[in-house]
Amino acid sequence: MTETDITRLDYGGKISTDAARMAEGMAEMFDEMADLALSRIYVRTAKLEQGFDLAAVSQDDIGRFKISWLTALGELMLHGLAGQPKLEDIRREYYAEIGRAAEDRGMQDFAAEAGEVARAAIGADKDFIERGILSAPMSNDPDDESLRNRGLGPDLAAHMTETAFAASGKLTPILEAVGDLVEAELGNAYAHGSVACNAFEVV
């Protein structure tokens, strides 16, 4: 039996676009994925003492979550697009998109800080930088109740969860479950985003 080395999925050629449309598409895609994650967080509020509670997640919580989410996923994608000749143009346009979202919420300073946090976390994670590993299992024991993943993905998700939802205290009883959900959704968004972004060639 011959060995086959499959290194990537190839659906047939690149799609040409410009930096502004690339950035706009990335921001729109990740914003929709954030909405999906938030809808699942709302469902988790059914586990609170008072039951299902839309008010348990405030507009400020949503703003911090979305901006953290957009900056984290944006930086992950920009890292993956390192070979693009227009990378700095994409970065500039993408942060312009985040800036507009932050301005609408009065969170411009928060957005700048979130970008720095995401870049620092990515740059410090050797498994991700050197081997492309977003998260890795900590245990093979199905009865182990401790956190099962380590790495950049879990770290970004934990920071995002703490930053967005811990301050009000309303989600404290389910914060661990919310963190697990954010981690899973971030991994899904990273996987889908990586495939989508890889299809484009920015000219």
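There are four aromatic pairs in this structure, where rings of Phe, Tyr and Trp (its six-membered ring) pair if their centres lie within 6.5 Å. One of them joins Phe65 and Trp69, and that pair is tilted, at 5.4 Å centre to centre and 35° between the planes; planes under 30 degrees apart count as stacked, over 60 as edge-to-face and the rest as tilted. Keep in mind that this is a predicted model: local features need pLDDT of at least 70, side-chain atom pairs count only at pLDDT 80 or more, and totals for chains, interfaces and linings use all residues. Residues are numbered from 1 along each chain as its sequence is written, and side-chain values use heavy atoms, with hydrogens and water left out.

**Aromatic rings**
- Phe65 and Trp69 sit four residues apart in helix α2 (residues 59-80), about one turn of the helix.
- Both Phe65 and Trp69 are buried (under 20% relative accessible area, with exposed over 50% and partly exposed in between, using a 1.4 Å probe and protein chains only).
- Ring pairs also bring in Phe165, making a cluster of Phe65, Trp69 and Phe165.
- Tyr94 and Tyr95 make an edge-to-face pair, 6.2 Å centre to centre with 85° between the planes.
- Tyr94 counts as buried because its relative accessibility is 0%, while Tyr95, at 23%, counts as partly exposed.

**The chain as a whole**
- Seven helices and four strands make up the secondary structure; these are DSSP runs, numbered from the N terminus (helices H or I, at least four residues; strands E, at least two).
- Starting at the N terminus, the order is β-α-α-α-α-α-β-β-α-α-β.
- Of the chain's 203 residues, 39% count as buried.
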